[in-house]
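Thanks, I will keep this short. Please have the sequence and the model open while I talk.

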Number of protein chains: 2
Amino acid sequence: MPKQVDREARRREVVDALFRVAVRDGLQRASLRAVADEAQLNIGSVRHYFAGQEELIRFAMRSMVDRVGDRLQRRIDEIGELDGLSGPRVRRFAVELLSELLPLDDRRRAEVTVLVDFSTAARTDPALDGLAHETAVATRALVRRILTRLDSAGGLRPGLHIETETERLTSLLDGLAFTAVLRPEVLDDRTCATVLRAHLDDLGPAAD
Amino acid sequence: MPKQVDREARRREVVDALFRVAVRDGLQRASLRAVADEAQLNIGSVRHYFAGQEELIRFAMRSMVDRVGDRLQRRIDEIGELDGLSGPRVRRFAVELLSELLPLDDRRRAEVTVLVDFSTAARTDPALDGLAHETAVATRALVRRILTRLDSAGGLRPGLHIETETERLTSLLDGLAFTAVLRPEVLDDRTCATVLRAHLDDLGPAAD
DNA sequence: AACAATTTATCACAGCCGTGATAGAAAGGG
DNA sequence: CCCTTTCTATCACGGCTGTGATAAATTGTT
């Protein structure tokens, strides 16, 4: 076998460069040349690892979605079974888990920033549409699951419509992420976390 | 006086064309040429009314923000003084007013679509930054005002932190608008309105 | 009719973009 | 050493972008 280069590692390097460009200058400025420069690679090299612009951008979005998804799954595994846990404990777990979707540190800020860019780009880019759809559905599935668990643990006020609450909490998360990323001077990290906690507390039984 | 052309009307026509392009193809594809074509004008004409791309895009965003802001103000004027109104009535007023910020019909859908595009573009476009900031602040001021009025009318559960609730409701609205515009197959108009109503109901006193 | 200002229409230029084609360089197996 | 495959690097092309410059048409006034 000729030349030894870890192909997958190279692809990851390129995608990471794309993320940096997207965070700094916006996704629409993440051209092949700009990404190649950022990765300190020749554009020819980039094109050797990716068939074209579409494959690169698709792979990048899939990478980011997987990265966040995997981290969420790892958090879930860490906690393990939470049957029998008290309402407040499940609620704290819920806050911690859903905080992964908020830009509360540099890593998450970068991730959410590019995800917002990808999501908006997907509206007019058929290449990203399917992935954006799956992401939206998966987020709702996760939130629904969390609310169901919370309900089982008695951490949910009676009389709440689970589907409505799923959409309410998901939209709240989306909106917090949206503003925290786009207008950090209007919505800072602390307030962001406070609002999420307040919402989940508010879903709990009256006298806690 | 030479040639009679309503200058402001022409500028509005161009901006409307830009909105159509932005809704259909995304803001980044709203080039001078594309907008001129959409307006059935020569690019030279467009450049006669706007100094350049930056002025056009700035004016367009300002126009859209003003348009929505004016409509909100008109709604407020229509209602007039609501001192002495009952909690449920004020709440219904609040839902109606805030619904202006959700894409519940074609007009609002178009408006919110371009506003989302403008907001995300503003992150990396200094020309739009100030306006995007003012918009975010103004939205929060409106929501805060509504919550305060609701509180005065006894339509708010006691013990709620008004600032937190302002950010919670605003983020909820942003998130609903975001998903309803980008992923209409995931969040339809009815659910969108339902969630807003559910949230405001939820803020009311326990037994209504 | 002549003039002047506005409006419309073109051309040209430099700068990006994605991509096809192609040539060298590098590296490991025979 | 040679050969094959992988990888890197460059060139060129057509297409799009905003913009400066300039010409031509239009229109109302004098």
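In chain B, helix 4 passes helix 6 in a left-handed crossing. Bear in mind throughout that this is a predicted model. Two packed helices are described by the angle between their axes and the distance between the axes. Here the axes of helix 4 of chain B, residues 53-79, and helix 6 of chain B, residues 106-122, come within 10 Å and cross at roughly 130°. An angle over 145 degrees would count as roughly antiparallel and 65 to 115 as roughly perpendicular, so helix 4 of chain B is oblique to helix 6 of chain B.

Which residues make the contact? From helix 4 of chain B, they are Met61(B), Met64(B) and Val68(B). Helix 6 of chain B brings Glu111(B), Val114(B), Leu115(B) and Phe118(B). By class that gives 6 nonpolar residues, no polar ones and 1 charged.

Next, the contact between the chains. Chain B puts in 36 residues and chain A puts in 36. On the chain B side, at least two residues each come from helix 6, helix 7 (126-152), helix 8 (162-182) and helix 9 (189-203). Helix 8 of chain B has the largest share of that side, with 12 residues. The side of chain B that touches chain A divides into 15 nonpolar, 13 polar and 8 charged residues.

Last, chain A. Its helix 8, residues 162-182, has 21 residues. From first C-alpha to last, helix 8 of chain A reaches 30 Å, close to the 30 Å expected at 1.5 Å a residue. Is helix 8 of chain A mostly covered or mostly open? Mostly covered: 18 of the 21 residues of helix 8 of chain A are buried.

How values were computed
Residues numbered from 1 in each chain as written. Chains lettered and ligands numbered in written order. Predicted model: local features only at pLDDT ≥ 70, side-chain atom pairs only at ≥ 80, totals over all residues. Axes fitted to C-alpha atoms, helices over the stretch in contact; angles between N-to-C directions. Helix = DSSP H or I, 4+ residues; strand = E, 2+ residues; numbered from the N terminus. Parallel < 35°, antiparallel > 145°, perpendicular 65-115°, else oblique. Left-handed = near helix turned anticlockwise from the far one by under 90°. Contact = placed C-beta atoms within 7 Å. Nonpolar A, V, L, I, M, F, W, Y, C, P; charged D, E, K, R; others polar. Expected span 1.5 Å × (residues − 1). Buried ≥ 20, exposed ≤ 12 C-beta atoms within 10 Å, placed from the backbone.
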